[in-house]
Amino acid sequence: MRLLCSCGQTMILSFRMVIFEDVYQIDLVPILECENCASFELVPSIKQDVTKLLAELKQEHREGRVVFTHVNELAAVLYDIYESGQGEVELSSFEAVVIEKCEERINLLLDLYGYAKKTGDCDWMEEISFRLSGLSSFVKTRQFLET
Ligand SMILES: [Zn+2]
């Protein structure tokens, strides 16, 4: 995915550990990184989720490392795309890839949900609905670069 940085160079999708107040570490956060000046910013559509997670960590005094792709479904989808090398494509096709992968993931989660329901596992059903809710709101708005 390519966007322009304020220095005029292109930005690419990448992942990094973000540390807040020296104690809260969130690893594998999707960012847009400039290939030229090393500046980076959080992927806009996940900014709110990072802020929310940080607030939760603070409230629970959970210091140390949390892997963002384990707690955020959209980040997990982005990481899959990044690892498969599809993060290098133009922005317009990148967004289409993200939507497609999210839809695939939603279908998979819906299948899992059906299975969890059959086995009567309420905790599992709840976990799956939570994972689904993160993706469906994104797919509905389709605004990867908006907050
Ligand atoms: Zn730059």
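In this predicted model, cysteine 34 has a relative accessibility of 4% and therefore counts as buried, the cut-off being under 20%. Cysteine 37, with a relative accessible area of 36%, is partly exposed. For four tetrahedral donors the ideal angle is 109.5 degrees.

The aromatic rings come next. The count of aromatic pairs is four. In one of them, phenylalanine 15 and tyrosine 79 have ring centres 4.9 Å apart and planes at 85 degrees, so this pair is edge-to-face. Phenylalanine 15 belongs to strand β2 (residues 10–20) and tyrosine 79 to helix α3 (residues 73–83), so the contact ties together parts that are 64 residues apart in sequence. Phenylalanine 15 is buried at 13% relative accessible area, whereas tyrosine 79 is partly exposed at 22%.

Phenylalanine 15 also pairs with tyrosine 82; here the centres are 5.0 Å apart and the planes make an angle of 55 degrees, a tilted arrangement. Because tyrosine 82 lies in helix α3 and phenylalanine 15 in strand β2, this pair ties together parts 67 residues apart in sequence. Tyrosine 82 is partly exposed, with a relative accessible area of 33%.

The charged end of arginine 16 sits over the ring of phenylalanine 40, at 3.8 Å from the ring centre.

Key
Residues are numbered from 1 along each chain as its sequence is written. This is a predicted model: local features need pLDDT of at least 70, side-chain atom pairs count only at pLDDT 80 or more; totals for chains, interfaces and linings use all residues. Side-chain values use heavy atoms; hydrogens and water are left out. Buried means under 20% relative accessible area, exposed over 50%, partly exposed in between (1.4 Å probe, protein chains only). Rings of Phe, Tyr and Trp (its six-membered ring) pair if their centres lie within 6.5 Å; planes under 30 degrees apart count as stacked, over 60 as edge-to-face and the rest as tilted. Helices (H or I, at least four residues) and strands (E, at least two) are DSSP runs, numbered from the N terminus. A charge sits over a ring if NZ of Lys or CZ of Arg is within 6 Å of the ring centre and within 35 degrees of the ring normal.
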